[in-house]
Amino acid sequence: MNQDEYFSVHAGLTINVEPLSPNEAVPDETHFPQEIPPLFRVASECSGLDDNLDRTLSQFNKEQYQALTQYLAAQNSKINLLLSYVLSQQNDPAFRYTTTTFGASRLSYPSAQPLTPGQAVRLKLFLEQPAAAVYAYAEVCECQALDQQYDISLRYTRLQEEDRDLLIRAALYFQQKILRQRAQQRSDNS
């Protein structure tokens, strides 16, 4: 699948965008996983464990499943709160932005400073649902002047597949949230 085929949603994720200096290069696919900070790897693995747990729990009968699910959901919430706090320490205010759109192949965000198309950036995405953080590299595909700022579009150039899956799940979460809000508005207007 071409990576541009993933859908994007209009949603605000906190991101860090750090332009690479001219003497820095994007790591190749072999060295990229070694560069990912340990905390980002832990966040990705925790999210993967949640998926495996859901499949395992589906094998229990209904009564066992409900009680165990409630207990595990409470424990998971505690861990996610702690993980979110620890991950927030990786959020550098000097490089902080909020996306206007994001997906598993690209994102866009407003900035007071322009970037040059083709320029490489180091990227950190902080997800709320699932609670995780993604470390990646991207390339500026577009930089358009709008009013007093610039709308910058980035396309991922280095992104682990499990992190792409996280971004897909996060986009689906936002899509469901938007659809629920629309349904609620229609119901309120009726």
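## Basis of the description

A residue is called buried when its relative accessible area is under 20%, exposed when over 50%, and partly exposed in between, with a 1.4 Å probe and protein chains only. By this rule Phe40, at 2% relative accessibility, counts as buried.

The model is predicted: local features need pLDDT of at least 70, side-chain atom pairs count only at pLDDT 80 or more, and totals for chains, interfaces and linings use all residues. Residues are numbered from 1 along each chain as its sequence is written, and side-chain values use heavy atoms, with hydrogens and water left out.

## Aromatic pairs

The structure holds 8 aromatic pairs. Rings of Phe, Tyr and Trp (its six-membered ring) pair if their centres lie within 6.5 Å; planes under 30 degrees apart count as stacked, over 60 as edge-to-face and the rest as tilted. The pair of Phe32 and Tyr137 is edge-to-face, because the ring centres are 6.0 Å apart and the planes stand at 70°. Phe32 belongs to helix H1 (residues 32-35) and Tyr137 to strand S7 (residues 132-146), so this pair ties together parts that are 105 residues apart in sequence. Helices (H or I, at least four residues) and strands (E, at least two) are DSSP runs, numbered from the N terminus. Both Phe32 and Tyr137 are buried.

Phe40 and Tyr135 also form an edge-to-face pair, with 5.8 Å from centre to centre and 65° between the planes. Phe40 lies in helix H2 (residues 38-57) and Tyr135 in strand S7, so the pair ties together parts that are 95 residues apart in sequence. Tyr135 counts as buried at 4% relative accessibility. One aromatic cluster is formed by Phe32, Phe40, Phe126, Tyr135 and Tyr137.

## The second largest pocket

A pocket is an open set of points on a 1 Å grid over the protein atoms alone, where a 1.4 Å probe fits, with protein on both sides within 12 Å along at least five of seven lines; lining residues have an atom within 4 Å of a point. The second largest pocket is lined by 13 residues, of which Thr14, Ser84, Phe126, Leu127 and Glu128 lie nearest its centre. Two or more lining residues come from each of helix H3 (62-88) and strand S6 (120-127), and H3 gives the largest share, 3 residues.

## Helix H4

Helix H4 (residues 161-189) has 29 residues and reaches 42 Å from its first C-alpha to its last, close to the 42 Å expected at 1.5 Å a residue. That expected span is 1.5 Å times one less than the number of residues. The buried residues of H4 are Asp163, Arg164, Leu166, Leu167, Ala170, Ala171 and Phe174.
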